[in-house]
Amino acid sequence: MTIGLAGCGGGDDDVAETRTVTTETSKVEVVGESPAAAGTFDPAAIYAREAPGVVTIYSLSGSLLDGDGEGGQGSGFVLNGDGEVVTNAHVVTRGENEEIEVVEDVYVEFSDGNRVPADVLGFDPNADVALLKIDPAGLALRPLPFGDSDAVEVGEPVAAIGSPFGERQSLSVGIVSAVDRDAQSLNEEFSIPGAIQTDAAINPGNSGGPLVDAGGRVIGLNQSIETGSGASAGVGFAVPSNLAQRSVDQIRENGEVDYAFLGVSTTTVYPQLAERFDLPVDEGAWVQEVTIDGPSEDAGLRAGGTEDDAVPFQAQPVIDGGDIITRVGDFPIVSPSDLSEAVARLNPGDEVPVVIYRDNERRSVSLTLGLRPGG
């Protein structure tokens, strides 16, 4: 199942720890870091170790027998021994924006051929993450550990495991092509900040499967591709693991995910722009619009004018005179994507200091974050 452009732990580095927990009804294998984390990248070892924890997900709306049913297929991975499975929200939902709803039936197929029904505990349209629950009775589960997406570096090797075009347990390898990208979410007003770009082949059916590092840790959920043909063109995007883990934690606790809201539209400050408009800094997020009655307006942040006041500069319209945001809480802001990522890490109701430049003066404004519209 695809969307957007096209959808598609811890431990010692030198020791691989394996623990087997057996109950009367299920066997759960919890695996620590791969020895490959010490510096080697061994796709065959990663596949042998992690593929048993990668699943194929089938979704169904309506009745196929009556001819009015609609089926979809994606990927996912086992999160823990309790039977929780993570995938993309678009794999198990239908509709758009406020009309998104969970499909009627979801099934999870394991590498050993077992296929069981799953309940959707909740989904996050803003990060395109869903948390499923299956009954682990009689199943051998191989959980995959979350890694730290903040530590991901451009050029490091990665592996994607999933079911492209329904071809179960397929492996592709590549590198991290870029970090801090924006990917399309199911909420058209907001993007997914901090997405990981990779040239590992991601195709329809890979959606929700893991993108893992050399140690077999999940650093992202394969989510979408940029393509003119519908197949992989070497530009794929994954939801960063830290954002996905935040979604999973909130879904588990509350059944839904809330996001903070700043209430500004900004453009990137760069040296030539700063020189042209005589700005006091050459990086940051320049406020172009402030949402009426939003948190930023309540805190006194200002834009320079309206769209009618915009002037062209290097193929983009720019509104002069607004505040320049350079820090939100502990997060330095170099670009608007940094701003989105910083706010996504915070919670509605958080009171944070926002550092701005106004009239060539550095100021700190206390701002209470709101609740993002639509969740």
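The points below go from the whole chain to one strand and then to its salt bridges.

1. This is a predicted model, in which local features need pLDDT of at least 70 and side-chain atom pairs count only at pLDDT 80 or more, while totals for chains, interfaces and linings use all residues. Residues are numbered from 1 along each chain as its sequence is written, and side-chain values use heavy atoms, with hydrogens and water left out.

2. The protein has 5 helices and 28 strands (DSSP runs of H or I with at least four residues, and of E with at least two, numbered from the N terminus). Of its 375 residues, 51% count as buried (under 20% relative accessible area, with exposed over 50% and partly exposed in between, for a 1.4 Å probe and protein chains only).

3. Strand E5 (residues 84-87) is covered on both faces, with Glu84 and Val86 buried on one side and Val85 and Thr87 buried on the other. Strand E4 (residues 70-78) pairs with E5 in the antiparallel sense over 3 bridges (pairing requires at least two DSSP bridges), and Phe77 has Val86 as its bridge partner. Strand E11 (residues 129-133) also runs antiparallel to E5, joined to it by 4 bridges, and there Ala130 is the partner of Thr87.

4. Glu84 and Arg252 meet through their side chains in a salt bridge of 2.7 Å, N to O (a side-chain nitrogen of Lys or Arg within 4 Å of a carboxyl oxygen of Asp or Glu). This pair links strand E5 to helix H2 (residues 241-254), across 168 residues. Glu84 counts as buried because its relative accessibility is 7%, whereas Arg252, at 40%, counts as partly exposed.
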